[in-house]
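I opened the model to go through its helices, its salt bridges and the contact between its chains. These are my entries.

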Amino acid sequence: MNENTPGISGSHTLLTILFLAGILIFGAGLLMLLFGPPSLKEGVSLSCISAGSVLMIISAFRLTGRERSQQDERTKKIGTYGLSWSWFLTFIVLFVIFWLSVLGLASFDVSTLAVFLILLMGVSAKGFQWWFFRKGDVE
Amino acid sequence: MQTRIKEFRARRNLTQADLADAVGVRRETIVFLERGKYNPSLRLAHLVAKELGTTIDQLFSFADEEGGDMVLEE
């Protein structure tokens, strides 16, 4: 559809900026981890490395162009709904985890929880999108 | 939702891929449209109707819960 043409060059620029930002953040995290003061090594450097990696991987994947050229209004709609439902599921899970922790029924360390949430968001988004693609629409 | 896309497409000897290319969507989108499983945007409905040489109201029909045709009241 012709309406997609102007958006592609715009999103290409944005994705390139995100990819470069990812490299910078990843590099900064790596430098902090190797040469920075001990106070930065644990939290800040690992956060930068994780955030930079995620930015780089996602933007590089989208920059390949294969996925973009195959998108239309239905795939965009399904992609958006998949992410929305994934966000909602993560919100519910966080709510449950919070109350489990407050009531003393379970406790989680930050690293475990972070990895769990990263996986939950990624896997559930793909799961919801797969389900909607099978149905054909989100309704 | 019911559509007559397949019927109009056959009259013009177009494949699903041809129609998909002409209106700029994936072939799967045309498949789901023909099955009545995808509710298209007004723009896509217009493009499909234009490509098939017909109008939107000839291509798409909606039935209410009791099975009758949906009628817009004035």
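**Helix H3 of chain B**

I began just after H3(B), where B:Gly36 takes a positive phi of about 75 degrees. I take helices (H or I, at least four residues) and strands (E, at least two) as DSSP runs, numbered from the N terminus. The model is a predicted one: local features need pLDDT of at least 70, side-chain atom pairs count only at pLDDT 80 or more, and totals for chains, interfaces and linings use all residues. Residues are numbered from 1 along each chain as its sequence is written, chains are lettered from A and ligands numbered from 1 in the order in which they are written, and side-chain values use heavy atoms, with hydrogens and water left out.

I then looked up how far H3(B) is covered, and found six of its eight residues buried. Buried means under 20% relative accessible area, exposed over 50%, and partly exposed in between (1.4 Å probe, protein chains only). The buried residues of H3(B) are B:Thr29, B:Ile30, B:Val31, B:Phe32, B:Leu33 and B:Glu34.

**Helix H2 of chain B**

Which residues of H2(B) are buried? In this helix (residues 16-23) I noted B:Gln16, B:Leu19, B:Ala20 and B:Val23. Looking down the axis of H2(B), I find these buried residues within an arc of 100 degrees, so they line one face of the helix. The arc is that of the directions from the helix axis to the C-beta atoms.

I also looked up what the buried residues of H2(B) pack against: helix H1 (5-11), helix H3 (27-34) and helix H4 (42-51) of chain B. Contact here means heavy atoms within 4.5 Å. Just after H2(B), B:Gly24 has a positive phi of about 80 degrees.

**Salt bridges**

I searched the whole structure and got five salt bridges over all chains. The rule asks for a side-chain nitrogen of Lys or Arg within 4 Å of a carboxyl oxygen of Asp or Glu.

A:Asp137 lies in the segment after helix H6 (110-135) of chain A and A:Lys77 in helix H5 (residues 73-102) of chain A, so the pair ties together parts that are 60 residues apart in sequence. A:Asp137 is buried, with a relative accessible area of 2%.

In chain B, B:Glu34 forms a salt bridge with B:Arg9, and the closest N and O atoms are 2.5 Å apart. B:Glu34 lies in helix H3 of chain B and B:Arg9 in helix H1 of chain B, so this pair ties together parts that are 25 residues apart in sequence. Both B:Glu34 and B:Arg9 are buried. Elsewhere, salt bridges that share partners join B:Arg4, B:Glu7 and B:Arg11 into one network. I looked at B:Arg4 and B:Glu7, whose side chains meet at 2.9 Å, N to O. B:Arg4 is partly exposed, with a relative accessible area of 31%, and B:Glu7 is partly exposed at 36%.

**Contact between the chains**

How many residues does each chain give to the contact? I have 15 residues from chain B and 15 residues from chain A. Chain B and chain A bury about 1200 Å² between them, 48% of it on carbon and sulfur atoms. In chain B, B:Arg26, B:Phe32 and B:Tyr38 lose the most area to chain A, together 44% of what that side buries. Buried area is the accessible area (1.4 Å probe) that two parts lose on being put together, summed over both.

I looked for salt bridges between chain B and chain A, and the count is zero. For polar contacts, the rule finds six residue pairs across the interface (both at pLDDT 80 or more). H3 and H4 of chain B are the elements that give two or more residues to the side of chain B that touches chain A. The residues of that side divide into seven nonpolar, four polar and four charged. Ala, Val, Leu, Ile, Met, Phe, Trp, Tyr, Cys and Pro count as nonpolar, Asp, Glu, Lys and Arg as charged, and the others, Gly among them, as polar.

A polar contact is a pair of N or O atoms within 3.5 Å; within protein, one must be able to donate a hydrogen and the other to accept it, and residues adjacent in sequence count only if both atoms are side-chain atoms.

**Chain A**

I counted six helices and zero strands in chain A. Of its 139 residues, 25% are buried.
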